[in-house]
Amino acid sequence: MPSSPGKKLPALRFQIYRARAVCLRSGAGIFAAFVLGVLLTLLVAPGRFGWGPAPCHQVEDTFRSSEAWRSGVLQEPLESRPKVLGVVGIQTGFGSRERRKALRETWMPDSPEGLVSLQQSTGLAIRFIIGHTADKRKMEELEEEIETYKDFIRIDIEEEYLKLTHKTLAYFKAAYMLFDAEFYVKADDDIYLRTDRLATLLAKDRSTPRTYLGCMKKGPVITDSRQKWYEPLAYLLGSEYFLHAYGPIYALSSEVVAALAIARNDSFRMFTNEDVTLGSWMLAMNVNHEDNRALCEQTCTPTSIAVWDIPKCSGQCKFLQALFENDFNFTLTTFLLDTAGLCNPEQRLREVHQLDACSRSPTLPD
């Protein structure tokens, strides 16, 4: 597998040293040497100037280290990261234990051995992405789940829906620290995924190293605060959103994630919706928008990669279920915001998996 661009900072430092020395020896110009010196300083002292991988405190890949979270920051040299075709980070939360159970009973491995087998057969490292909560009981339950499955990456961010964009950025930074991948995939925990076909898509030859891959869409900017998807920063956007990928699943190539990894967190504009926010960053990075509708199929087909419901309905289903169960902790705000993926995913994931068109293929690992 070829090495991804944009990752060899030590080699880049050496090249700048050499170029600066040539300028000084050849008399090519004090100004040119000065510029190269400034650039070298930024690379040598990345933390001071906000360059280099931003710190992701208490990042843990539970599959590789069961003690890293307790002992502090897991910091591995970038050169020692395991090489994979792709990292698939499944965004999940403390209220989604049943979803994770359904995923492990369907398309996702349910054991550390299964994770190894899938990574060997597809080149994909798959992990659940989760932060932390002040609820001690929930943290204890998470520890028990981690001990059993070891299929999480834990990041130092509080779990809250309104912080989803911050969590997504933290995921990309953490995944870049932990894995040397060609692509980094963000997925939700309520979609059905064909990992074999995803691997084939990621491995395709492309003319540019900067790729933003997903089901692309546009739409009107909501300026009425009484409506769902209201955008307080609408005055910056105009009447229609720019092209961007649906949030349930999209992928960024290595060079794109490398750029996100070295940028300061406060340098990113944060809009209300995660998919729009990510799309705005992509506009500034000169990426190739690659639209692939196999990533947003409503039913399984011979070519579908990700299956989930469009129009989205999971928020409505969860709201009605909460009313039926008299669960008044399920707020109207959650109903308005949590609308993605399969409706009633705990049940639908299992139903979809029973269909041969979804789960049977000679290219799927055992």
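Let's start at one spot: Asn344 sits in the loop that joins helix 13 (332-337) to helix 14. Helices (H or I, at least four residues) and strands (E, at least two) are DSSP runs, numbered from the N terminus. The model is predicted, so local features need pLDDT of at least 70 and side-chain atom pairs count only at pLDDT 80 or more, while totals for chains, interfaces and linings use all residues. Residues are numbered from 1 along each chain as its sequence is written, and side-chain values use heavy atoms, with hydrogens and water left out.

**The chain as a whole**

- The chain has 15 helices and 10 strands.
- Of its 366 residues, 51% count as buried (under 20% relative accessible area; exposed is over 50% and partly exposed in between, with a 1.4 Å probe and protein chains only).
- Among contacts (heavy atoms within 4.5 Å) between residues at least 6 apart in sequence, 77% join residues at least 24 apart.

**Residues in loops**

- Asn344 has a phi near 50°, which is a positive value in a residue other than glycine.
- With 26% relative accessibility, Asn344 counts as partly exposed.
- Asn286 belongs to the loop between helix 11 (274-283) and strand 9 (288-291).
- The phi of Asn286, near 55°, is also positive, and this residue is not glycine.
- Is Asn286 buried or exposed? Asn286 is exposed, at a relative accessible area of 58%.
- Tyr230 is found in the loop between strand 7 and strand 8, and its relative accessible area of 29% makes it partly exposed.
- Beyond its neighbours within four places in sequence, Tyr230 is in contact with Ile222, Thr223, Asp224, Ser225 and Thr272.
- From C-alpha to C-alpha, Tyr230 and Thr272 are 7.7 Å apart in space, although 42 residues separate them in sequence.

**Aromatic rings**

- A pair of aromatic rings is described by the distance of the centres and the angle of the planes.
- How many aromatic pairs does a search of the whole structure find? The search finds 8.
- Rings of Phe, Tyr and Trp (its six-membered ring) pair if their centres lie within 6.5 Å; planes under 30 degrees apart count as stacked, over 60 as edge-to-face and the rest as tilted.
- The rings of Tyr171 and Phe172 form a tilted pair, because their planes are at 40°, with the centres 5.0 Å apart.
- Tyr171 and Phe172 are both buried.
- The rings of Tyr212 and Tyr250 have centres 6.4 Å apart and planes at 80°, so this pair is edge-to-face.
- That pair links distant parts of the chain, with Tyr212 in strand 7 (residues 211-217) and Tyr250 in strand 8 (residues 244-253), 38 residues apart.
- Tyr212 and Tyr250 are both buried.
- Ring pairs join Tyr171, Phe172, Tyr212 and Tyr250 into a cluster.

**Charges over rings**

- Arg81 has its charged end over the ring of Tyr176, 4.6 Å from the ring's centre (NZ of Lys or CZ of Arg within 6 Å of the ring centre and within 35 degrees of the ring normal).
- Arg104 lies over the face of Tyr149, at 3.8 Å from the ring centre.

**Helix 8 against helix 10**

- Two packed helices are described by the angle between their axes and the distance between the axes.
- Helix 8 (residues 164-178) and helix 10 (residues 254-262) have axes that come within 9 Å and cross at roughly 110° (axes are lines fitted to C-alpha atoms, for helices over the stretch in contact, and angles run from 0 to 180 degrees between N-to-C directions).
- Helix 8 is therefore roughly perpendicular to helix 10 (65 to 115 degrees; under 35 is roughly parallel, over 145 roughly antiparallel and the rest oblique).
- Leu169, Phe172, Lys173 and Tyr176 of helix 8 meet Ser254, Val257, Ala258, Leu260 and Ala261 of helix 10.
- These contact residues divide into 7 nonpolar, 1 polar and 1 charged (Ala, Val, Leu, Ile, Met, Phe, Trp, Tyr, Cys and Pro are nonpolar, Asp, Glu, Lys and Arg charged, and the others, Gly among them, polar).

**Helix 5 and its partners**

- The axes of helix 5 (residues 97-104) and helix 7 (residues 136-149) come within 12 Å and cross at roughly 10°, so the two are roughly parallel.
- Helix 5 brings Arg97, Arg100 and Arg104 to this contact, and helix 7 brings Glu141, Glu145 and Tyr149.
- By class, the contact of helix 5 with helix 7 has 1 nonpolar, no polar and 5 charged residues.
- Helix 5 also packs with helix 14 (residues 345-353), at an angle of about 5° and with the axes 9 Å apart.
- Helix 5 and helix 14 are therefore roughly parallel to each other.
- Among the residues of this contact are Glu98 and Arg99 of helix 5 and Glu346 and Arg350 of helix 14.
- The contact of helix 5 with helix 14 has 4 nonpolar, no polar and 5 charged residues.
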